[in-house]
Amino acid sequence: MRVGSRLLCALVVAMVSVPILANAQARPFPGPDLQQVYHRLLPQIEKIPAFDHHAHPGFADDPDVDAMAAPPNASEALRTRDDNPELAAAAKALFGYPYSDLSPEHTKWLVDKKGELKKQNPGPAYFNMILDKVNIESSVANRAMMADYLDPKRFPWVFFADSFMWPFNNERETARNSDQGVFIPLQEKMLHRWMQQENASKLPASFADYLKFISQVLEDNQKKGGIAMKFEVAYFRPTTFGDPTSQQAEDIYHRFVSGGVPTEREYRTFQDYIFRYLIEEGGRLHLPVHIHTAIGIGDYFNLSQGNIMNLESVLRDPRYAGTTFVMIHGGYPLEREAIWLAAMKNVYLDSSFGELAQYPSAFKETLKMWLETFPDKITFGTDCFPYNQVLGAEESYWLGAESTRTALAAALAEMVSEGEINEGRALELAHGYLHDNAVKLYGGRVH
Ligand SMILES: [Zn+2]
């Protein structure tokens, strides 16, 4: 009896202590419950209304969807090609597309269907309906200018700030390669549009007035509903920024504002000053600064010169502690290094494009690593874009949102099954990443 009861006691202790031990130390492999946890989490994650922190909503024939354009014949990674069969699945989920391929005879059905829906849902109703279908409550519209067919309550505007860095003769910059031949004239056009907005027929003669003009555009854009300014500077020049004096920038401005081609070094020095001026203004105006940090479109995009880590000296500079930075695309494919920049209280990472450039199995690994490091500093985005009349922002929203939700459920399921967190905490992290972390950045200006 005695032996038996001791044995029983030992068994009870063992049974009680197994889960306690398991909770004390995370495991290196998921347990047999992984799939079950995934299938419990996914439907709950699908129900969370999301805030899309980076997107380019609009129709394919709208030139204001972006301040940029893809250079012709640029290489596309496998998943972002037009013939990705997942895009047929997107059209099916959104519009009931009855085919499983995207042959021209079949895609005519899709173009007609969208035309019909646009008629039934005029003006802002059409894209509001698309957001409802993908359960996105609000989506940033990172566009050259806003469109009257987007509801500003659900599509807060993020405008572009690069063009202030290109006010001089850009002959040499434009001739550098065929990508710059597309990009730089678009920056000149953007600067011209800001001048028109401020009723300026030419650039101010004095440098002080040029800085005033820049601030005026920022303030006016904010009044028009702009919630942040966006840089895609990595497309045009290295993201290592020097720290020139205002006198240096002023001298260069005066020498070249009315003509002449600055040397590359002079131009960069001037741009270094303007970039720093803009991010300081972002602090003063409570206008977060979004920066493209990833590989980019065009075969000449220089990843080592546009590397997110080049920005470290700016991000960790106490002079800019009052500015909120969002690293758009999270430094992809350098996202492992990038997450450590979010140690700075004012630095956030956006995951958009990562979920399209990678399939969910790989994107899951990115999210898991981020969630295990600074889960309160990461935000969701689709980087949706209207590729053409057939594959629009609509399908792109769907693919971005679905890929993210499945990868997120998988990342969290692994964390639960490996004993890192429980399911309640997993859902809190999902709410933070999909919605709450981004919304908090804007102090009540978005929802
Ligand atoms: Zn984008």
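Biologist: Where does S163 sit in this predicted model?

Modeller: In this predicted model, S163 is in the loop between β4 (157-160) and α6 (171-174).

Biologist: What makes you call S163 buried?

Modeller: Buried means under 20% relative accessible area. S163 has 0%, so S163 counts as buried.

Biologist: And which residues touch S163, leaving aside neighbours within four places in sequence?

Modeller: They are Q187, M190, L191 and W194. With W194 there's also a link between side chains, a polar contact of 3.4 Å.

Biologist: Why is that 3.4 Å pair called a polar contact?

Modeller: The cut-off for a pair of N or O atoms is within 3.5 Å. The side chains of S163 and W194 come in at 3.4 Å, so the pair passes.

Biologist: What does D272 touch, not counting residues up to four places away in sequence?

Modeller: R237, T240, F241, G242 and P244. The side chains of D272 and R237 are joined by a polar contact of 2.9 Å. As for G296, its C-alpha is 21 Å from that of D272, and the two are 24 residues apart in sequence.

Biologist: On to N142. Where is N142, and is it buried or exposed?

Modeller: N142 is in strand β3 (residues 141-142). Its relative accessible area is 0%, so N142 is buried.

Biologist: What does the side chain of N142 have 2.9 Å away?

Modeller: A polar atom of that side chain lies 2.9 Å from the backbone oxygen of V158. V158 is also among the residues N142 touches, including H54, A55, F160 and K230.

Biologist: How do you know whether T382 is buried or exposed?

Modeller: Its relative accessible area is 0%, and buried means under 20%, so T382 is buried. Its side chain reaches the backbone nitrogen of C384 at 3.1 Å.

Biologist: Zooming out, how do you know whether the chain agrees with a compact globule?

Modeller: A compact globule of 447 residues would have a radius of gyration near 22 Å, and the chain has 25 Å, which agrees. The C-alpha trace spans about 100 × 55 × 40 Å along its principal axes.

Biologist: How many helices and strands are there, and what share of residues is buried?

Modeller: The chain has 17 helices and nine strands. Buried residues make up 55% of the 447.

Biologist: And what about contacts between residues at least 6 apart in sequence?

Modeller: Of those, 76% join residues at least 24 apart.

Technical notes. Residues are numbered from 1 along each chain as its sequence is written. This is a predicted model: local features need pLDDT of at least 70, side-chain atom pairs count only at pLDDT 80 or more; totals for chains, interfaces and linings use all residues. Side-chain values use heavy atoms; hydrogens and water are left out. Helices (H or I, at least four residues) and strands (E, at least two) are DSSP runs, numbered from the N terminus. The radius of gyration is taken over C-alpha atoms; the globule rule is 2.2 Å times the number of residues to the power 0.38. Buried means under 20% relative accessible area, exposed over 50%, partly exposed in between (1.4 Å probe, protein chains only). Contact means heavy atoms within 4.5 Å. A polar contact is a pair of N or O atoms within 3.5 Å; within protein, one must be able to donate a hydrogen and the other to accept it, and residues adjacent in sequence count only if both atoms are side-chain atoms.
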